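Work through each task before reading its solution.

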Amino acid sequence: MSLMDESPTQFERNATAVLTEAVLRVDARTRSRLNQARQAALEAAHKRRPLWRLTLMPAAGAVAAALLVTMLLWHRAPETRLPAIEGRADATMDMDLLTDKDAIDLLDGGDGPFYEWAAAQSDTNGESS
Amino acid sequence: MREFATLASPYSMPAAYDGDVDLTDPAEQTQTRALNQFLAGVEVKAFKIAQAALRHEDDALDAVQDAMLQLARAYAKRPAEEWKPLFYRILENRIRDMQRRRTVRGRVMAWLPFRADEEDEEADPIAQAASTEPQPVRRLELDEAMGALEKALEGLPRRQQQAFLLRTLEGLDVAQTAAAMGCSQGSVKTHYFRAVQALRAQLGDLYV
């Protein structure tokens, strides 16, 4: 029996003949697809990536990731901070009203009962809702 | 030189775009022609080898295409004598990857209630027409022998199948087969010897 480096036996020669025939019988569609694959491979071999693309692409990816994180933080920041700023502004306005001499004069004037009524109305509405 | 030409005349066309190989270079042209010739010579045999291993036409075509692509991209500059073992080594790796992926996919798909049957595609009888037409009686004998051999090959362990096909179909010698299979020449001889024994035991009189 042949061990590859010796001359082939009759069995091996027959097997080779049958396999060769099988290759010849490969249909036209498959041959066409193989041809297309070969052309694509040869074309791709000519379009090698330039070195600068290989070195710059990871850096560009890192910059893009950093920008994304910055944008996310930027957009999230107002949601947590704006109410605090608004509250602080309201408190400042209240302090202005209390320290404003004219405002106290208004309270001391004839509108006192009106403000009391308005406050009572506000409390009633708050309870009913 | 290219930059100089571009600076000298803003309307001059560069020989090749950035990232491309200069195809006007005679050495490149010769190499491309040689590679094309090599691939054209092995592609159908490689397809049959991949088909024997994967038992699926489209998968076999994909494997051959990937092997051609990788050879052209990574090893085109190597001496042409090295292309054949390299190509079959790449193809073998690709076949093994596809077999592994198929095993995993099979396990996953087994859990799904519905799955598309890839074998349902209708065959186009015109497209699949044979490219050669032997005489009817001879054709019948060959059909029988081919069917029996393909069935027997399917039953062989992968390494034996590979050693047998690389030798009998592609005609690689022991050293080239060892390089393609990534093993020693002694292992190649053992795989091949066992393959021939097993095939002979199954096919018997049909081939003797």
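**Exercise 1.** How much space lies in the largest cavity?

*Solution.* The model is predicted, so local features need pLDDT of at least 70 and side-chain atom pairs count only at pLDDT 80 or more, while totals for chains, interfaces and linings use all residues. Residues are numbered from 1 along each chain as its sequence is written, chains are lettered from A and ligands numbered from 1 in the order in which they are written, and side-chain values use heavy atoms, with hydrogens and water left out.

Step 1: A cavity is a set of points, on a 1 Å grid over the protein atoms alone, where a 1.4 Å probe fits but cannot get out; its lining residues have an atom within 4 Å of a point. Points are joined across faces, edges and corners, and the volume is the space filled by probe spheres set on them.

Step 2: count and size. Two cavities of 30 Å³ or more are found, and the largest holds about 60 Å³.

Step 3: lining. Ten residues line the largest cavity, and the closest to its centre are A:Ala45, A:His46, B:Gln31, B:Thr32 and B:Ala76.

**Exercise 2.** Which helix supplies the largest share of the lining of the largest cavity?

*Solution.* Helices here are DSSP runs (H or I, at least four residues), numbered from the N terminus. Helix H2 (28-46) of chain A and helix H2 (26-54) of chain B each give at least two lining residues. The largest share, four residues, is that of H2(B). By class, the lining has five nonpolar, three polar and two charged residues.

**Exercise 3.** Which residues line the second largest cavity?

*Solution.* This cavity has a volume of about 40 Å³. Its lining consists of B:Ile49, B:Tyr88, B:Leu91, B:Glu92, B:Ile95, B:Arg158, B:Gln162 and B:Leu166. Helix H4 (83-109) and H6 of chain B are the elements that give two or more residues, with the largest share, four residues, from H4(B).

**Exercise 4.** Is B:Gln160 buried or exposed, and why?

*Solution.* Step 1: B:Gln160 is placed in helix H6 of chain B. Step 2: buried means under 20% relative accessible area, exposed over 50%, and partly exposed in between (1.4 Å probe, protein chains only). Step 3: B:Gln160 counts as buried because its relative accessibility is 12%. Step 4: beyond neighbours within four places in sequence, B:Gln160 is in contact (heavy atoms within 4.5 Å) with B:His191, B:Arg194 and B:Ala195. Step 5: in H6(B), residues 158-168, ten of the eleven residues are buried, including B:Phe164 and B:Leu165.

Notes:
1 Å grid on protein atoms, 1.4 Å probe; cavity = no way out; pocket = protein on both sides within 12 Å on 5 of 7 lines; lining within 4 Å. Nonpolar A, V, L, I, M, F, W, Y, C, P; charged D, E, K, R; others polar.
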